[in-house]
Amino acid sequence: MIWGAIEKSAKTLIFKPHVMIPMLIVSIVTYLLTDFSASLLENFVTDIFLYGEIIAEFDPFLYMIGTYPMEITLLILGGIVALFVSVVAFISISKFCDGESFVESVNSSIMEWKRNIGLVIFGAVVFFLFFVIWNIAMFIINFIDTALSGVLGPLLYYIIVPIVTIILIAIFAVKLSFVLPAFAKGDNLREAIRKSWELTNDSFWNALIFIVILLIITFIIAQIFLFLALAIVALDLVFLIIGEIISTTFLALGISYYYYLR
């Protein structure tokens with residue numbers, strides 16, 4: 001199933017390149033929002049250079065909220081928009097993998113915007129939950145290190161913390177990656193979560209290996225186009241966008257086909 005999903009993803013990408021259009025839209029929106037975000041943070045960055053010593057006395061996050069509430073609000077809204085567009089693009093590709101025509105898959109994904117908002121909220125909750133669990137894990141590790149009078153030393157930050165972080169990322173990625181194709185197939189969010197969880201109960205390591213291979217392939221694709229961007233500076237942005245579109249589309253295809261071919 002691993003290589004079958006990867007082979008089918010590659011063939012779809014090569015022989016049906018129009019499947020990349022949703023991720024093209026995502027890339028355009030992302031770059032526009034990135035420029036917009038940079039302009040919003042311009043004053044904050046200027047403050048750091050001019051009043052760095054004063055700002056250092058405060059919590060940077062609280063300082064930003066207190067000084068630039070409108071900018072922070074717009075940044076959050078921009079992030080939500082980017083996440084929503086990404087969800088619609090991924091759902092479109094998943095529906096296409098499940099047998100719908102390209103036009104039907106895009107149209108139905110857009111028309112189901114209310115369902116997709118629920119998925120966006122779920123995504124935000126997952127990120128928040130991961131952040132909370134990771135911080136709890138770091139607190140426990142630091143507590144143990146303190147109780148042992150710091151005997152862990154460099155071992156704590158160079159080995160234990162990275163291992164714990166990787167394990168948490170792996171669990172979240174494996175258990176929740178297939179919510180998207182399940183949701184695209186028509187299941188409600190709760191059912192999609194249940195199916196994704198059950199799918200990986202019996203094949204956790206198989207799913208983990210697949211996701212690792214998929215990420216390695218997408219990384220290689222992105223690096224190839226990054227190399228081209230560095231080699232041909234005049235077209236660097238074009239190559240970066242193309243690399244991003246191909247790699248993210250391949251990622252969406254791989255996850256979708258793995259779920260549908262099981």
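**Pocket and helices**

Mentor: The lining of the largest pocket divides into 26 nonpolar residues, seven polar and one charged, where Ala, Val, Leu, Ile, Met, Phe, Trp, Tyr, Cys and Pro count as nonpolar, Asp, Glu, Lys and Arg as charged, and the others, Gly among them, as polar. This is a predicted model, in which local features need pLDDT of at least 70 and side-chain atom pairs pLDDT 80 or more, while totals for chains, interfaces and linings use all residues. Residues are numbered from 1 along each chain as its sequence is written, and side-chain values use heavy atoms, without hydrogens and water.

Trainee: How much space lies in the largest pocket, and which residues are closest to its centre?

Mentor: Rolling a probe the size of a water molecule over the atoms shows where empty space is left. Here the largest pocket holds about 1100 Å³ (an open set of points on a 1 Å grid over the protein atoms alone, where a 1.4 Å probe fits, with protein on both sides within 12 Å along at least five of seven lines; lining residues have an atom within 4 Å of a point; points join across faces, edges and corners, and the volume is that filled by probe spheres set on them). Of its 34 lining residues, F127, S177, L180, L251 and I255 are the closest to the centre. Among the elements giving two or more residues to this lining are helix 2 (21-40), helix 11 (204-231) and helix 12 (236-260), helices being DSSP runs of H or I, at least four residues, numbered from the N terminus.

Trainee: Which residues of helix 5 meet helix 7?

Mentor: I80, L83, F84, V87, V88 and I91 of helix 5 meet partners including W113, N116 and A124 in helix 7, with contact meaning heavy atoms within 4.5 Å. The contact divides into 11 nonpolar residues, one polar and no charged.
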